[in-house]
Amino acid sequence: MYCEAGVSEERLRLQTYQKNIVDDDSASKASETVKDKETSEASNWTLIKEIWKHLRPDWLLLLAIVGFTTLTAAINIYTPIVIGDLISIVQKELNNRIKRPPDFTALNAPAAKLLGLFSLQGFLTFLDISLVSRLGENLSKRMRRELYSAILAQDMAFFDSHMQGEVVGRLTQDVSEFKHTFKLVITQGLKATTQIMGTGVHLIRISPSLTFTLLATMPFLYLAMNLYGVYLRKVSKQSKSGDSLASGVAGEAVANIRTVRAFASEDQELERYGEAMEAASLLNTKLGFHIGAFQGMTNASIGCMILVILYYGGKLVASGDMTGGQLMTYMVSTQNLQRSLALVGVLFGQVIKAFGSAARVFEYVHLRPDIPIKGGIIPAGFEGRIEFRNVEFTYPTRPEHQVLRNLNLVLPVGKVVALCGPSGSGKSTIAQLVERFYDADRGQVLIDGVDVRHLDPSWLRRQIGYIGQEPILFATTVYENIRYGRPDASREEVEAAARQANAADFISKFPDGYETVVGERGVTLSGGQKQRIAIARALLKDPKVLILDEATSALDTQSERLVQEALDKLMEHRTVLVIAHRLSTIRNADVIVVLSVSRKEARKDGNVVEMGTHAELMNRKGAYYSLHQMTQQ
Ligand SMILES: Nc1ncnc2c1ncn2[C@@H]1O[C@H](COP(=O)(O)OP(=O)(O)OP(=O)(O)O)[C@@H](O)[C@H]1O
């Protein structure tokens, strides 16, 4: 069927994928799927440019935050100086207390200054946090929008080879993680960096030679951090993929909980999730190891810096180029510097992770689908003649299995063409090619004589109505579900479509009528009810071409009668392609096409075994006749 095909391949792919990411060190290799064109490693610079694109609309807000943060950092550098002044006054009064009684009024000025600084600092912190929160939300909103629109624009081959949970995970987890780190970097990181620079200047003023000795070691440290950072980013991306795959496994089971329950396969699902978690946890542990090593090295480097100060500063004091007090002040300032550097180190680890997340977000954004959702010719009129000319087709996710071979088929305007044949013979595939969910590998699918590849896909899909065996409804009201067929339809048109589809009666019996919420995928409705809502939706869409994929096969006789009646109305004056297993439903079709899975049976080595009306095919006593006899037994 349309949606369920390829589930087993998906699992196989998942297992291979998990094995890859554990065995293989290369994140890009791990994320390769059959039809994966995702770019492996976007450079940091490209990522920064992407992020900036989403930040630019808020540049004023960003500037204000940078200004406020810098001011907060300046206050943090200045406050110890005022505290020092205050201590000096106390010290002075202490020294003079033998000569005269202490005069505490001298304390008022620095105390008032401190009060002003603390109040300003509090106010700036409030501004910073609230503005950064706003900026982060705006940024993540834009990223999510762009990512979601990129996901929705992907072709079916993409959805065949990516797990639902993994795709949605990028939209939720990855964007959230990026947003969280972004906010931290803008507030804490910026402040720490400014403090590092401010304290640095302060240190140069105290002792230029000692400070330059320290600075000389910096480029080596920077280079080492950068090199290790590149590697960390790769490991981080792998670990994120592992996490997403685990959520994908759980998401799939929860989405298909009815099947899981019916097969009592809860334990099996738990085990599958456990395996995925195990793989993810191995990768996360590896990441933790490297982040630990990175931070350990940062701390050790800072310790070495202190040693340099003591050693070199001690020599300066001994040679009379520096006082003991100055060395003390220098040490205290470097302690502040060390704290800021440690914070930057911690943030650096987070930034590495966040870059991994951003890379995963923008990976999909840059993925160009082979079949776009829009663009191309929009013909002035549309008759509805469909032709398959020498079509060959293989699903991209299963290149070794050719599904359609030399298929030639015409769906005349306003006629009903029925496809029958064994399971796997390609009936649904033909329908998917009409909708251009996939492109033929060779040959052409022509709509009114124009190759579908030249037509605007969204225009084409608007001309086609599809009713499947298990209609998918959205978790909203009956009314909204019907109106999905034509969002600008009026209430009267929606109700008229429901009446035509034999749905008005049961809808009016619901206490909330058209406002009844149908639950996820329409679970609160019966199969026949869902089917009639889907028919009402299709009636409202009023398509020229209709595809009925085993639309009544899952229903009981009573329900089938109601649905069939509705379908008969829907089929009037349209080109209809019926996919059927039960031959009873296609007796009246204008043309019946019998397909085969095996090459031997088919004409000219293609898929079609026989073609004709019911009477012609019965007289021929060939494949259709045999199928008919089988269903009669
Ligand atoms: N998305 C997909 N990716 C890979 N292979 C697929 C996909 N969908 C279907 N197939 C394979 O293509 C072949 C034809 O499938 P299709 O669904 O068209 O058959 P069908 O005649 O409609 O079968 P059924 O009557 O069981 O619905 C099958 O071998 C199937 O496994």
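**Exercise 1. Transmembrane regions**

State where UniProt places the feature "transmembrane region", and describe the secondary structure of residues 114-135 and of residues 287-312 in this predicted model.

*Solution.* Step 1: the record is consulted. The unreviewed UniProt entry places the feature at residues 59-78, 114-135, 212-231 and 287-312.
Step 2: two of these spans are examined in the model. Residues 114-135 are 100% helix and 0% strand, and their end C-alpha atoms lie 31 Å apart. Residues 287-312 are likewise 100% helix and 0% strand, with end C-alpha atoms 37 Å apart.

**Exercise 2. The chain as a whole**

Determine how many helices and strands the protein chain has, and what percentage of its residues is buried.

*Solution.* Step 1: the secondary structure comes to 20 helices and 10 strands.
Step 2: of the 633 residues in the chain, 34% are buried.
Step 3: contacts between residues at least 6 apart in sequence are then considered; 81% of them join residues at least 24 apart.

**Exercise 3. The nonpolar cores**

Identify which residues of the largest nonpolar core touch the most other members, and which helix gives the most to this core.

*Solution.* Step 1: the largest nonpolar core has 75 residues, and those touching the most other members are Ala418, Ile535, Ala536, Val578, Ile592 and Val593.
Step 2: helix H17, residues 527-541, gives the most to this core, with 7 residues.
Step 3: apart from this core lies another, of 34 residues, including Leu190, Leu232, Phe294 and Phe348.
Step 4: Val578 is taken as an example from the largest core. When its neighbours within four places in sequence are left aside, Val578 is in contact with Val416, Ala418, Leu419, Leu548, Ile586 and Ala589.

Technical notes. Residues are numbered from 1 along each chain as its sequence is written. This is a predicted model: local features need pLDDT of at least 70, side-chain atom pairs count only at pLDDT 80 or more; totals for chains, interfaces and linings use all residues. Helices (H or I, at least four residues) and strands (E, at least two) are DSSP runs, numbered from the N terminus. A residue is buried if 20 or more other C-beta atoms lie within 10 Å of its own, exposed if 12 or fewer, and partly exposed in between; C-beta atoms are placed from the backbone. Two residues are in contact if their C-beta atoms, placed from the backbone, lie within 7 Å. UniProt positions are given in the numbering used here, feature names are shortened, and annotations may be inferred rather than shown by experiment. A nonpolar core is a set of buried Ala, Val, Leu, Ile, Met, Phe, Trp, Tyr and Cys residues joined through C-beta atoms within 7 Å.
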